[in-house]
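Visitor: Please take one part of this structure and go through it closely. I would like the terms defined with their cut-offs.

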Amino acid sequence: MWLTVFFAMPLIFLLSMSLQTGNVTSGFTVTWHFAEYALGLQSYGPQFLRSLYYGGAATVLCILLSYPTAYWIAFKGGTRKSTYLFLILLPFFVSFVLRTISWQYILADNGIVLGPLKSAGLLPENFRILATTGAVIGGLTYNYLPFMVLPIYVALERIDYRVVEAAHDLYANRFEAFRRVVLPLSLPGVFAGVLLNFVPAASDYVNAQVLGGPNNTMIGNIIQDQYLYNSNYPMGAALSFTLMAFLLIGIFAYAKALGTENVLEAAAA
Amino acid sequence: MTDNTPRDPQSHPDSEFDLAQLRGLLQGRPARAGLSRRDALRFGGAAAAGLGLAACGVSGAGKHVALSKVKTDAEKFWAKQKKHGHVNFANWPLYIDTSHETLNLFTQATGITVNYKEVIQDDPSWFAKVDPEIRAGQYIGYDIMVITDGFQWSDFVALGEFTPLDQKLMTNFYKNASAKFKSRSFDPGNTYGMPWASGSTGIAWNPKFIREPISSIDDLWNPKYAGHVGMMSDIQEIGNFGLYKIGVAPETSTQADWQKAADALKAQKAAGIVRQYYDQSYINALAKGDTWISMAWSGDIFQQNLSSGSELKFVVPKEGGNIWTDNMTIPKYAQNPVDAMMLMDWYYRPDIAAKLTEAIEYITAVPAVQSIIASDATKATGSSKTTLQEVASSPLVWLTPADYARLHNYVNVTGKAQQTYSSIFEPVVSG
């Protein structure tokens, strides 16, 4: 019942909006204008690809950074595990937008990081990090890192260490034990982390606007502009559905590749 | 090898089916008579979805209302309104004296408290924010909002989302405003707005990074500043600048000109010259040193220099600059309209208008202000004396006819032509 009201009805309204034509002053009416989707893909194809690329890159970077962290907390954390987890979560007390804007100040062309390096002559005067692709991917990685650490930590925490000891008894060295025992057992956690990272990162609209340049706009920015700047609601709705379709296809393909039969089952694990 | 342990067929998928399972698979479910409740719900849901899809829509502007009818309706509306003692004011940043002295004097004189918020960053995003609220019949939280004379102004008027002003409470305005600001083409009879300030859009640069003097629009396209040029995200502002680049006046521009202007802007972006397209936040980027040269609004630069000691410079390019007027308006469903009218008219007292202009250095609608500022300058001492002298004689505030010849309004189109203009220039900013 609640699912119908809070999930299905907004989706239906959005779908209907994507098939309308008009503008703000003359009103919008449903004209079953399916060409809106084609127009959206045609005009903003590069932004779609860019968003998937940035989201994917940020997810991969997050995995690389958070797996060692989660592993260390789970196996070597000892009594202080909850403190370390709390430290990871501490930035979340501050608003998402504020944290991204703070990076804008840290990475400013003559700010606390680049300023001294430039005065020392280590970097050319023209060098900048902001308004580049790297800044946007870095911002995405930073913002979604805890969402990757926590699921991986949970999955690793559940591993009974005796299994690893058994592997050692069977003549596996530390690396083999990790690769053949710990890693496969932690994959559901990695999958959950990827879900929590890739979907929001690909549809993010704050990082590209704050840290990126004019060639770094993501599809989230386009959708936001269509709604909040151009009042072009049909295009915004059509782009939203297309993005949803892309992400669902991506998630199911990834689930297939991982070998999980039931996506929901793995996510719940 | 057989064993006697009971086998669960599902845990051994490659074992043979036992007979019972096979029978079950072949039999199938018996058909039920009539619709089951689940089927009925499914069908009902699909039907509702279909109806919902078709019935959704957003209503348009409705019929165009003649100006005389607007005035008679307004008189009836205002006869019923009373003063409440409080007013909520939405404005742009860098648009008032920082100590709010003008607002405090108003509160002392009338007893009306003012809640002043700098929430407007640019017109399109403000319009997109308040339009749905007003359509839903809601009070937007503000009784005065300051809107530029552009596309959004005509959208607000067409949708009937302004409250027409009470002409009887505009005594200071009609006494002190210059003729140029009364009854302009986009607001005949001053039905909907009173000018807050007028200003020009030109080029600002930071002499710390750029030593040579800037005077031409081509300087914004100079590859020497690649990655450090700020452009505005408002399509009416950059549309005009694109037209100046190709040497066309906005008043006489055609769609072909718009296309050429958009191409020039896209070439600027493709060459990596543009750092970012900014709304009001261009001033932060300029102050921080992220951009060395940027499109800018005249008074912002003066205020930034005053508040932070920076030495930014501003010029109107010789090919042309933009001139615009920001107007105080009352949105529909405002809860404190009488207080709003009193505050709006307050700013047309010459002494208050002079205080405002001294602080923001934008063009004022009250010509008497110039002599007031000059006499304030003679009475002041020290650094405030130099500041006031600068304001009293600033060519950016007191425009000559030659200046007006170089400054152009935004391209003035409505309806279909406005959509075409938007669709030509939007890809520059959003791509």
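Guide: From the N terminus on, chain A runs α-β-β-α-α-α-α-α-α-α-α-α-α-α, with helices (H or I, at least four residues) and strands (E, at least two) taken as DSSP runs and numbered from the N terminus. This is a predicted model, in which local features need pLDDT of at least 70 and side-chain atom pairs count only at pLDDT 80 or more, while totals for chains, interfaces and linings use all residues. Residues are numbered from 1 along each chain as its sequence is written, and chains are lettered from A and ligands numbered from 1 in the order in which they are written.

In chain A, helix α8 (residues 174-202) packs with helix α11 (residues 233-258) at an angle of about 165 degrees, and their axes are 11 Å apart. Axes are lines fitted to C-alpha atoms, for helices over the stretch in contact, and angles run from 0 to 180 degrees between N-to-C directions. α8(A) and α11(A) are therefore roughly antiparallel to each other, a term for angles over 145 degrees. The crossing of α8(A) and α11(A) is right-handed: the near helix is turned clockwise from the far one by less than a right angle.

To this contact α8(A) brings L187(A), F191(A), V194(A), L195(A), V199(A) and A202(A), and α11(A) brings L247(A), I251(A), Y254(A) and L258(A); two residues are in contact if their C-beta atoms, placed from the backbone, lie within 7 Å. The residues of the contact of α8(A) with α11(A) comprise 10 nonpolar, no polar and no charged, where Ala, Val, Leu, Ile, Met, Phe, Trp, Tyr, Cys and Pro count as nonpolar, Asp, Glu, Lys and Arg as charged, and the others, Gly among them, as polar.

Note on methods. Angles under 35 degrees count as roughly parallel, over 145 as roughly antiparallel, 65 to 115 as roughly perpendicular and the rest as oblique.
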